[in-house]
Amino acid sequence: MAEAKPEVHPDFNKKSSTGMEPKIAVLVAHVGFLIGAGWLSGLIIYLLEKENRFVKFHAMQSIVIGAAEVILYIIAGILTMVIIGAFCIPIIWIAALVIRIIIVMKANNGEYYKFPWLGGMAENWTKM
């Protein structure tokens with residue numbers, strides 16, 4: 001039996017106030033992760049976006065995931081003092097990369113994908 005294709009979000013085809021296509025704006029919101037500023041690129045897109053709820057939600061989700069990463073890196077840094085944290089830092093980076101790839105791929109198809117726990121917070125903070 002074929003798996004049902006998720007519904008495309010109504011704002012997926014709506015023009016973004018960033019001047020970019022919505023899927024590109026979502027990509028930009030997450031791509032800052034590669035230079036260690038995933039939350040910052042999300043914040044920039046979030047502040048620029050005025051109309052498109054799809055882009056605004058994904059930008060906020062990038063901010064929330066970025067904040068969670070920072071917290072985990074701080075914890076890993078503290079744990080590094082007792083050796084175990086040195087192994088946590090690359091694991092956190094790889095996990096964050098995989099999470100962001102999944103989110104961007106789903107957003108590219110117009111899916112309003114909420115990452116467990118953090119996506120719900122992002123949704124609550126972006127109610128327009």
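Okay, let's start with a crossing: helix 2 and helix 3 cross in a left-handed way. Left-handed here means the near helix is turned anticlockwise from the far one by less than a right angle, and right-handed means clockwise. Helices are DSSP runs of H or I with at least four residues, strands are runs of E with at least two, and the numbering goes from the N terminus.

Quick housekeeping before I go on. This is a predicted model, where local features need pLDDT of at least 70 and side-chain atom pairs count only at pLDDT 80 or more, while totals for chains, interfaces and linings use all residues. Residues are numbered from 1 along each chain as its sequence is written, and side-chain values use heavy atoms, with hydrogens and water left out.

Back to that pair. Helix 2 and helix 3 pack at an angle of about 155°, and their axes are 7 Å apart. The axes are lines fitted to C-alpha atoms, for helices over the stretch in contact, and angles run from 0 to 180 degrees between N-to-C directions. That makes helix 2 roughly antiparallel to helix 3.

Who actually meets whom? On the helix 2 side we have G38, W39, G42, L43, I45 and Y46, and they meet V55, K56, A59, M60, S62, I63, G66, A67 and V70 in helix 3. Contact means heavy atoms within 4.5 Å.

Now, which residues of helix 2 are buried? They are G38, S41, G42, I45 and Y46. Buried is under 20% relative accessible area, exposed is over 50%, and partly exposed is in between, with a 1.4 Å probe and protein chains only. Looking down the axis of helix 2, those buried residues fall within an arc of 135°, so they line one face. The arc is taken from the directions from the helix axis to the C-beta atoms.

Helix 1 can be read that way too. Its buried residues are P22, A25, V26, A29 and H30. As background, an α-helix has 3.6 residues a turn, so residues three or four places apart point the same way.

I45 ties some of this together. Leaving aside neighbours within four places in sequence, I45 is in contact with T18, M20, A25, V28, A29, V55 and A59.

On to the core. The largest nonpolar core has 21 residues, and I45, F54, M60, I65, I103 and F115 have the most contacts inside it. Helix 1, helix 2, helix 3, helix 4 and helix 5 are the elements giving it two or more residues. The largest share, 8 residues, comes from helix 3. A nonpolar core is a set of buried Ala, Val, Leu, Ile, Met, Phe, Trp, Tyr and Cys residues joined through side-chain atoms within 4.5 Å.

Next, the other end of the chain. In helix 5, L118, G119 and A122 are buried. They sit within an arc of 100° seen down the axis of helix 5, so they line one face of it. What covers them includes helix 3.

How do helix 3 and helix 5 pack? At an angle of about 130°, with axes 8 Å apart. That makes helix 3 oblique to helix 5, and their crossing is right-handed.

G120 lies in helix 5 and is partly exposed, at 25% relative accessible area. Not counting residues up to four places away, G120 touches K114 and F115.

A76 is in helix 3, and at 1% relative accessibility A76 counts as buried. A76 and I89 are 13 residues apart in sequence and 6.2 Å apart in space, C-alpha to C-alpha.

Last one: H9 is in the segment before helix 1, and H9 is buried, with a relative accessible area of 12%. Beyond residues up to four places away in sequence, H9 touches R53, F54, G110 and Y112.

Terms used: Angles under 35 degrees count as roughly parallel, over 145 as roughly antiparallel, 65 to 115 as roughly perpendicular and the rest as oblique.
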